[in-house]
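Subject: Structure handover

Hello,

Here is the structure for your work. My notes on the packing and the sheet follow below it.

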Amino acid sequence: MDRKPVHVAMFSGGAASAYVAYQMVLTHGKENCILFFTNTLWEDEDNYRFMDEVADYIGLEITERIDGRTPEEVFYDYRFLGNSRLAKCSEELKVYQTITFLEELRDEKNLEPILYFGIGPHEKHRADNLRDFYEHRPIEPIETRFPMIETFRADLDAKGIIQNEWGIKLPRMYELGFTHANCGGRCVRGGFAHYAQLYKVWPDRYNEQEEMEENFRKHFEKHVSILKKDGKPYTLKEYRETMDREGIERFLNAPDDTVPCVCSFS
Ligand code: SF4
């Protein structure tokens with residue numbers, strides 16, 4: 001028997017994915033839609049507030065999947081500290097949770113998922129990667145849709161609509177200047193500029209990451225780090241000391257060779 005389609009918004013906590021979810025529900029009806037979120041337990045508390053308010057506005061409960069470990073616990077399990085180029089946390093806490101959920105929809109409910117992402121035209125390469133991933137990785141290909149690229153006007157202002165028309169305040173990480181709002185600014189793939197921003201805005205949170213890195217290095221007696229400089233480990237402690245010495249400002253736009261994280265739209 002043919003599977004019935006179900007429309008699944010990949011709800012990341014960002015404005016674009018919220019707007020895409022809203023339009024998806026308008027088009028296909030709540031009864032045929034799912035608002036899906038994978039929780040890493042490191043998210044900023046205001047992201048949860050935003051997501052709850054958006055879910056209320058749309059009138060659809062969030063379907064949440066939680067592995068139960070934090071990224072730090074995944075690093076210990078793999079004896080590998082996630083870094084700017086490779087992060088197992090993303091695979092374990094986000095990708096694996098998503099794939100198993102989609103397989104359950106097919107096997108247990110006889111539904112055929114169609115995935116919706118809030119990726120904008122300026123990130124087209126990420127859309128191509130995701131499309132490719134979902135065409136090949138799971139057992140059967142899964143259809144992906146990118147309404148911000150394929151359907152809506154290029155100049156659509158999702159943030160403005162959410163704030164001004166829906167009356168919902170955006171997650172505070174936007175106004176605090178973070179370009180990556182996942183994992184509460186702690187993302188191990190964030191890179192130099194991101195960690196400078198974290199140190200500037202939330203020094204306590206930066207110190208927690210620094211402590212996590214130091215503990216991991218001691219525990220496994222490995223010279224490893226989240227950031228890399230000239231292809232070599234460069235600890236958050238070293239970075240903090242450099243920022244203290246030279247001033248944070250010059251590091252806020254620091255270039256690096258970070259590989260973008262999939263978490264912002266998965
Ligand atoms: S946002 Fe970064 S730290 Fe969090 S799960 Fe994804 S890769 Fe890991």
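Helix α1 (residues 15–28) packs against helix α7 (residues 158–165) at an angle of about 75°, and their axes are 8 Å apart. Axes here are lines fitted to C-alpha atoms, for helices over the stretch in contact, and angles run from 0 to 180 degrees between N-to-C directions. Helices (H or I, at least four residues) and strands (E, at least two) are DSSP runs, numbered from the N terminus. α1 and α7 are therefore roughly perpendicular to each other. On that scale, angles under 35 degrees count as roughly parallel, over 145 as roughly antiparallel, 65 to 115 as roughly perpendicular and the rest as oblique. From α1, Ala 15, Ala 16, Ala 18 and Tyr 19 make the contact, and from α7, Ala 158, Lys 159, Ile 161 and Ile 162. Two residues are in contact if their C-beta atoms, placed from the backbone, lie within 7 Å. By class, the contact of α1 with α7 has seven nonpolar, no polar and one charged residues. Ala, Val, Leu, Ile, Met, Phe, Trp, Tyr, Cys and Pro count as nonpolar, Asp, Glu, Lys and Arg as charged, and the others, Gly among them, as polar.

Before you use any of this, two points on provenance. This is a predicted model: local features need pLDDT of at least 70, side-chain atom pairs count only at pLDDT 80 or more, and totals for chains, interfaces and linings use all residues. Residues are numbered from 1 along each chain as its sequence is written.

Next, the sheet. Five strands form an open sheet with parallel pairing, in the order β3-β2-β1-β4-β5. Two strands pair if DSSP finds at least two bridges between them. β3 (62–66) and β5 stand at the edges with a single partner strand each, so one side of each has no neighbour in the sheet. From one strand to the next the twist averages 35°.

The pairings, taken along the sheet, are these:

- Strand β2 (residues 33–39) pairs with β3 in the parallel sense over five bridges, and Asn 39 stands opposite Ile 66 in β3.
- β1 and β2 run parallel and are joined by four bridges; the bridge partner of Ala 9 in β2 is Leu 35.
- Strand β1 (residues 4–10) and strand β4 (residues 111–116) run parallel and are joined by six bridges. Val 6 has Pro 113 as its bridge partner in β4, and His 7 stands opposite Ile 114 in β4.
- β4 pairs with strand β5 (residues 143–145) in the parallel sense over three bridges, with Ile 114 opposite Glu 143 in β5.

The chain is assigned two domains, domain 1 (4–171) and domain 2 (182–251); the bounds come from an automatic or database domain assignment. Their centres, taken over C-alpha atoms, are separated by 27 Å. In the contact between them, 14 residues of domain 1 meet 17 residues of domain 2. The side of domain 1 that touches domain 2 has five nonpolar, five polar and four charged residues.

Two further helix pairs involve α11. The axes of helix α9 (residues 192–201) and α11 come within 11 Å and cross at roughly 65°. α9 and α11 are therefore roughly perpendicular to each other. Their crossing is right-handed; a crossing is left-handed if the near helix is turned anticlockwise from the far one by less than a right angle, and right-handed if clockwise. Tyr 195, Ala 196 and Tyr 199 of α9 meet Leu 236, Tyr 239, Arg 240 and Met 243 of α11. This contact of α9 with α11 has six nonpolar, no polar and one charged residues.

Helix α10 (residues 203–220) packs on helix α11 (residues 236–246) at an angle of about 140°, with the axes 9 Å apart. That makes α10 oblique to α11. α10 contributes Tyr 206, Gln 209, Glu 210, Glu 213 and Glu 214 to the contact, and α11 contributes Leu 236, Lys 237 and Arg 240. By class, the contact of α10 with α11 has two nonpolar, one polar and five charged residues.

Regards
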